[in-house]
Amino acid sequence: MSLLLFGAPGVGKGTQAKLLSSKLKIPHISTGDILRQAVKDKTQLGKKAEEIMNRGDLVPDNIMIGIIHERLSREDCKNGFILDGFPRTVKQAEELDMLLNEMKIKNLKLINIFVDEELIVERLSNRRACRSCGKIFALKDIDGLKKCPNCSAENSFYLRDDDKEDVIRKRLKVFRQNTEPVFEYYRKQGKTISVNGIGSVEEVNSSILKILNS
Ligand code: AMP
């Protein structure tokens, strides 16, 4: 099974993708994580992507398509995968379709998670990342903590530049303009599933699994 996790920034795509990946035993591929790792490692790609990401803009299609091409050609994707954050433009979707044709993958589904925009702004500006391991936490879950519960790094929580309110609003605008048409692209092919993203992580996850198994 191959899944595209779709939705505005902050709807919980990453969290759901990780859970689905461990339940369905297929790899979770987040293009945002790949780019953040490149920024951390100060690679050529990272140097190009950093400023674009901090502005809330999209990294050019040709770069993203190259990344996905390389990642999907690895052995662990043979039995399926979960893409989180890709495709973000119709051009990326078209290129992905061509690639999946070559790979003879047919059973693709797009899972659209929807949440009200104001709730997204509240959720994203109230989350913090660990500078050391990259794990994301809701502010309320780390209130008063000095050490990261995941890697024990000290005083490592920070607000990602792309989670600042003005950047979040910019990312939501970019989503409406560039990424929403991707939903229509797959809807016309009869490949979309929509799920309400409000509720606990487990509730949203079981709604997704219920629809996938029906
Ligand atoms: P994410 O963690 O998926 O929200 O991605 C963080 C940032 O990485 C985005 O705001 C974009 O700047 C960049 N990015 C991630 N995936 C893509 C993609 N498929 N196309 C273009 N830019 C991307």
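The following legends describe close-up views of a predicted model.

In this predicted model, local features are reported at pLDDT of at least 70 and side-chain atom pairs only at pLDDT 80 or more, whereas totals for chains, interfaces and linings use all residues. Residues are numbered from 1 along each chain as its sequence is written, and side-chain values use heavy atoms, with hydrogens and water left out.

**Figure 1. Strand β1 and its pairing partners β3 and β4.**
Helices (H or I, at least four residues) and strands (E, at least two) are DSSP runs numbered from the N terminus. Buried denotes a relative accessible area under 20%, exposed over 50%, and partly exposed a value in between, for a 1.4 Å probe and protein chains only. Five of the five residues of β1 are buried. One side of the strand carries S2, L4 and F6 and the other L3 and L5, so that both faces are covered. Strands are taken to pair if DSSP finds at least two bridges between them. β1 pairs with β3 in the parallel sense over four bridges, and S2 stands opposite F81 of β3. With β4 (residues 108-114), β1 also pairs in the parallel sense, over five bridges; here L5 stands opposite I111.

**Figure 2. The nonpolar cores, with I111 as one of the members.**
A nonpolar core is a set of buried Ala, Val, Leu, Ile, Met, Phe, Trp, Tyr and Cys residues joined through side-chain atoms within 4.5 Å. The largest core has 52 residues, of which L72, L83, L96, I111 and Y186 touch the most other members. Helix α7 supplies the largest share of this core, seven residues. Contact means heavy atoms within 4.5 Å. Neighbours within four places in sequence aside, I111 is in contact with L3, L4, L5, F6, L20, I193, V195, I208 and L212. A second, separate core has five residues, among them F137, I142, C148 and A153.

**Figure 3. Aromatic pairs and a charge over a ring.**
Rings of Phe, Tyr and Trp (its six-membered ring) pair if their centres lie within 6.5 Å; planes under 30 degrees apart count as stacked, over 60 as edge-to-face and the rest as tilted. Y185 and Y186 form an edge-to-face pair, with 5.0 Å between centres and 85° between planes, and both tyrosines are buried. One aromatic cluster is formed by F6, F175 and F183. A charge sits over a ring if NZ of Lys or CZ of Arg is within 6 Å of the ring centre and within 35 degrees of the ring normal. The charged end of R131 sits over the ring of Y158, 4.2 Å from its centre.

**Figure 4. The buried and exposed sides of helix α3.**
The buried residues of α3 (residues 44-55) are G46, A49, I52 and M53. Seen down the helix axis, they fall within an arc of 140° and therefore line one face of α3; the arc is that of the directions from the helix axis to the C-beta atoms. On the other side, Q44, K47, K48 and E51 are exposed. The cover over the buried residues includes α2 (31-40). Just after α3, G56 adopts a positive phi of about 90°.

A cis peptide bond, with omega about 0°, joins F86 and P87. S152 is partly exposed, with a relative accessible area of 46%. N155 is found in the loop between β6 and β7; its phi is near 45°, a positive value in a residue other than glycine. At 59% relative accessibility, N155 counts as exposed.

**Figure 5. The surroundings of C77.**
C77 is found in the loop between α4 (61-72) and β3 and counts as buried, at 0% relative accessibility. Apart from neighbours within four places in sequence, C77 is in contact with P27, I29, R71 and L72. C77 and H28 are 49 residues apart in sequence, with 9.6 Å between their C-alpha atoms.
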